[in-house]
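Visitor: I should like to go through this structure step by step. Please show it first.

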Amino acid sequence: PAIHRADYQAPAWWIDTVDLTFDLDPAKTRVLNKMRLRRNPDVAAQPLRLDGEELNLARVMVNGGGTSFKMEGNQLVLENLPEGTEPFDLEIFTTCAPAKNTQLMGLYVSQGTFFTQCEAEGFRRITYFLDRPDVMASYTVTLRADKALYPVLLSNGNLVDSGAMEDGRHFAKWVDPHKKPCYLFALVAGKLVAREQKIRSRSGTEHLLQVYVRPGDLGKTEHAMNSLMHSVAWDEARFGLPLDLERFMIVATSDFNMGAMENKGLNIFNTKYVLASEATATDTDFGNIESVVGHEYFHNWTGNRVTCRDWFQLSLKEGLTVFRDQEFSQDLAGSPSARAVKRIEDVRVLRTAQFPEDAGPMAHPVRPDSYIEINNFYTVTIYEKGAEVVRMMHTLVGREGFAKGMKLYFERHDGQAVTCDDFAQAIADANPTSDLARLLPQFKRWYSQAGTPRVQATGQYDAAARSYTLTLTQSCAPTPGQSTKEPFVIPVELGLLSASGAALPLQMAGESAAGAASRTVVLTEPTQTLTFVQVDAEPVPSLLRNFSAPVVLDIDYTDAQLLTLLAHDADAFNRWEAGQRLALRTAINAIADSAYATSASGIFDHQVLGADFVEAMRSVLRNPALDAAFKELVLTLPSETYIAEQLDVVDPQRIHAVREAMREQLALALQTDWERAWEQNQDTGGYRPDPVSSGRRALSGLALHMLCIAARRTGDVVWPGKAYQRFKVAANMTDRFNALTALVASGSELAAPALARFHALFKDEPLVIDKWFALQAGAPDRGGNVLPAVRQLMQHPDFSLKNPNRARSVIFSYCSANPGAFHRADAAGYVFWSDRVIELDAINPQVAARLARALDRWKKLAEPWRSGAREAIARVAARPDLSNDVREVVTRALAD
Ligand code: ARG
Ligand code: ZN
């Protein structure tokens with residue numbers, strides 16, 4: 001049963017206040033829900049239909065007396081409610097079973113503590129309600145529970161009362177001063193401790209910040225608290241948005257479907273995005289914590305103060321909030337180089353995860369037109385592509401203009417549930433002379449049209465006229481349900497370089513003087529030409545600088561041009577991109593070249609890296625002017641997934657073999673440089689997760705990895721020995737895990753003892769044990785050994801399918817992140833996948849549906865993989881008892 005955006009209707013009823021009383025008990029929690037409702041006079045009179053799921057209904061009362069009601073599917077329907085627009089009281093008493101809630105939606109128990117997750121439609125699993133984001137109410141919540149088992153009782157807003165009750169129970173009463181949609185409701189009850197911090201905002205108001213964790217974890221909360229303080233300060237400084245609560249709480253749980261949730265004043269987080277110490281968390285973890293804490297905090301305005309009218313508008317809050325957290329991380333990173341590194345990392349996620357989504361069976365617009373299960377639409381398209389759409393608006397109106405637009409957005413819509421149109425309109429209206437305002441209806445095609453546009457660029461140099469003409473042609477392939485696409489508004493930031501790499505001032509035909517060396521051109525037509533004058537010699541174009549639009553840029557660079565860009569482009573993103581293009585070209589040519597056979601055991605043993613490429617990589621590695629973090633990005637080859645996306649027919653084994661060969665060649669050719677990089681980038685002094693020192697660790701880690709790969713070829717035992725030594729004595733998890741990864745990935749004999757030692761060291765640290773599982777499930781395949789190893793890991797006493805982090809660490813690491821091991825010619829990987837999807841679906845449909853997406857791109861596969869994958873998907877689809885979540889994914893995968 002699909003839901004369509006066009007069918008939106010305002011609610012026929014408003015719920016003004018909600019008074020909830022919980023008697024918390026894992027087996028049977030009693031929920032008394034007293035609401036004050038009134039008819040919405042703007043909508044034709046109709047019965048009240050309240051959503052509910054897996055609830056036991058005990059009592060319904062209207063204005064203190066009995067009333068008639070009926071059930072229609074999952075809805076509680078009340079037909080005989082008071083006439084007129086006067087408010088009335090509706091009281092509903094239900095029970096639910098949190099301990100049995102393995103879906104982790106609604107009220108559930110994790111390690112003896114109660115948590116909630118209500119977005120998108122989890123509140124209906126707690127009580128009957130109008131579970132839609134445009135119904136906003138004031139909440140009063142009383143929690144009652146055993147005091148010894150649940151000493152801490154939290155909900156949204158302010159604590160107004162608490163005390164003891166008889167039988168060892170106690171209560172706490174919370175009042176949220178802000179109206180909110182029910183998806184932002186939260187409660188937590190359990191044995192928790194908090195790190196606390198008082199802060200004063202610019203206006204002088206005091207706030208209490210708290211980070212709640214299990215008692216042993218308090219020592220791992222400093223970074224999360226610092227990130228929260230930075231977030232509060234940043235939103236006030238950059239957007240003038242202050243904290244609007246006396247008390248802001250973060251609570252961590254080990255059992256969580258996603259990253260975190262922005263419940264008003266009571267954010268609930270996956271422990272993965274809260275807990276960090278240098279001994280247990282990597283630099284990447286520290287960075288992720290900073291950005292997720294920021295993300296959830298920024299939702300307080302973009303999401304909570306202004307929320308979504310309906311779930312089709314999800315990107316209104318998610319795309320905008322991802323944009324904000326990306327900017328936050330860039331601003332904290334500081335230097336232009338560190339900003340560029342963050343930008344490259346973000347674009348890498350977009351291109352390896354969102355572009356495939358946009359080209360596959362689950363492709364959908366940033367503002368979808370229909371869905372079956374909303375949980376399937378918490379996607380990289382809604383989040384990351386949505387953020388790129390906001391970023392393009394930022395580009396079109398400028399930084400100041402965007403801040404003005406945000407201000408107008410809140411002036412107009414504070415306290416409302418609105419649409420993506422409302423947001424775009426506010427940004428445009430605040431900048432009436434901008435390109436965005438001029439092109440708004442066309443710009444909004446980014447919201448309505450799915451698919452990744454391609455921009456094809458060709459350059460023509462006219463020596464006689466000293467002019468250079470760029471022809472830019474845009475197109476977009478059909479996506480499911482959208483056979484033709486209209487042209488997009490595409491901002492292209494560009495510059496021209498001389499053959500020797502100098503930046504050329506730009507002067508376009510008709511302009512009287514040369515201007516800056518970089519500018520943004522806005523494409524709107526299917527084809528446009530740009531003519532630059534006063535150009536002395538054929539230039540090298542640098543297009544789509546800083547990845548100014550989420551498009552594929554097709555351009556026929558010569559190797560020499562790419563080498564010039566890699567060595568000299570003023571735009572760091574395009575320097576990196578030039579290196580990626582060189583590597584990609586080599587990979588694609590090698591994959592296609594039938595003269596290069598792979599051995600019976602699947603090894604590709606042909607020299608494919610050209611001397612120019614190797615020397616260019618060497619100069620990057622040696623360049624003292626470049627940051628280590630940037631070098632690490634340049635020296636990392638495009639991923640197998642990204643390479644696969646460039647091909648029409650995918651032989652995953654060949655891609656894997658070629659990429660492995662390229663990596664080994666790079667390892668061998670640059671051996672002495674890797675040694676130097678390792679030595680020169682050792683930590684000095686204490687651990688700090690800042691961009692400079694984490695960049696140094698990343699580069700020395702890559703160097704160690706490459707040296708171990710080279711050692712496998714040369715028979716050298718020194719570097720694996722050094723890696724083992726580093727693994728043993730490392731002072732932080734980043735260095736330790738990099739060393740362990742180098743041993744595992746290079747197939748060293750020292751990998752097994754190191755893995756055993758690692759487990760023994762960290763057996764009481766679940767997040768580290770997740771890494772231990774993930775590393776093994778993601779290990780390179782040697783003669784088909786990974787699948788049996790994964791089956792073995794699932795038998796390990798520490799494994800549990802019910803814990804999403806653990807399930808992801810083993811199953812997703814194998815099925816989604818290890819293509820060389822997963823895509824077996826015997827289809828055993830696919831059979832394993834289908835078994836796990838079915839098994840997980842009975843426990844947690846949301847997690848199962850994520851896993852189901854691992855075969856999204858099956859139609860691109862060559863035989864025999866294609867048939868094997870289709871059979872596996874069909875096997876899942878044949879199950880009669882699938883959740884909506886998985887059903888939607890496999891149905892779309894099989895559709896033509
Ligand atoms: N709003 C949350 C975030 O972006 C994500 C929650 C999604 N949860 C879900 N069950 N689909 O931070
Ligand atoms: Zn979010």
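Visitor: What is the strand order of the open sheet of five strands?

Guide: This is a predicted model, in which local features need pLDDT of at least 70, side-chain atom pairs count only at pLDDT 80 or more, and totals for chains, interfaces and linings use all residues. Residues are numbered from 1 along each chain as its sequence is written, and chains are lettered from A and ligands numbered from 1 in the order in which they are written. Strands (E, at least two residues) and helices (H or I, at least four) are DSSP runs numbered from the N terminus, and two strands pair if DSSP finds at least two bridges between them. With mixed pairing, the open sheet has the order S18-S19-S20-S22-S21.

Visitor: Which are the edge strands?

Guide: An edge strand of this sheet pairs on one side only. The edge strands are S18 (193-200) and S21.

Visitor: Which residue of S22 is the bridge partner of Ala 252?

Guide: Strand S20 (residues 247-253) runs parallel to S22, joined by five bridges. One of the pairs sets Ile 250 against Asn 267. For Ala 252, the partner in S22 is Phe 269.

Visitor: Which residue stands opposite Phe 269 in S21?

Guide: Strand S21 (residues 260-261) is antiparallel to S22, with two bridges between them. The two strands form a hairpin with four residues between them, and Gly 265 in the turn has a positive phi of about 70°. Opposite Phe 269 stands Ala 260.

Visitor: How many residues of S22 are buried?

Guide: A residue is buried if 20 or more other C-beta atoms, placed from the backbone, lie within 10 Å of its own. Strand S22 (residues 266-270) is mostly covered, and the number buried is five of five.

Visitor: Why do the buried residues of helix H26 line one face?

Guide: The buried residues are Trp 865, Gly 868, Ala 869, Ala 872, Ile 873 and Val 876. An α-helix has 3.6 residues a turn, so residues three or four places apart point the same way. Seen down the axis of H26, taking directions from the axis to the C-beta atoms, the buried residues line one face because they fall within an arc of 130°.

Visitor: What is the distance between the end C-alpha atoms of H26?

Guide: The expected span is 1.5 Å times one less than the number of residues. For the 13 residues of H26 (residues 865-877) this gives 18 Å, and the distance in the model agrees: 18 Å.

Methods:
A residue is buried if 20 or more other C-beta atoms lie within 10 Å of its own, exposed if 12 or fewer, and partly exposed in between; C-beta atoms are placed from the backbone.
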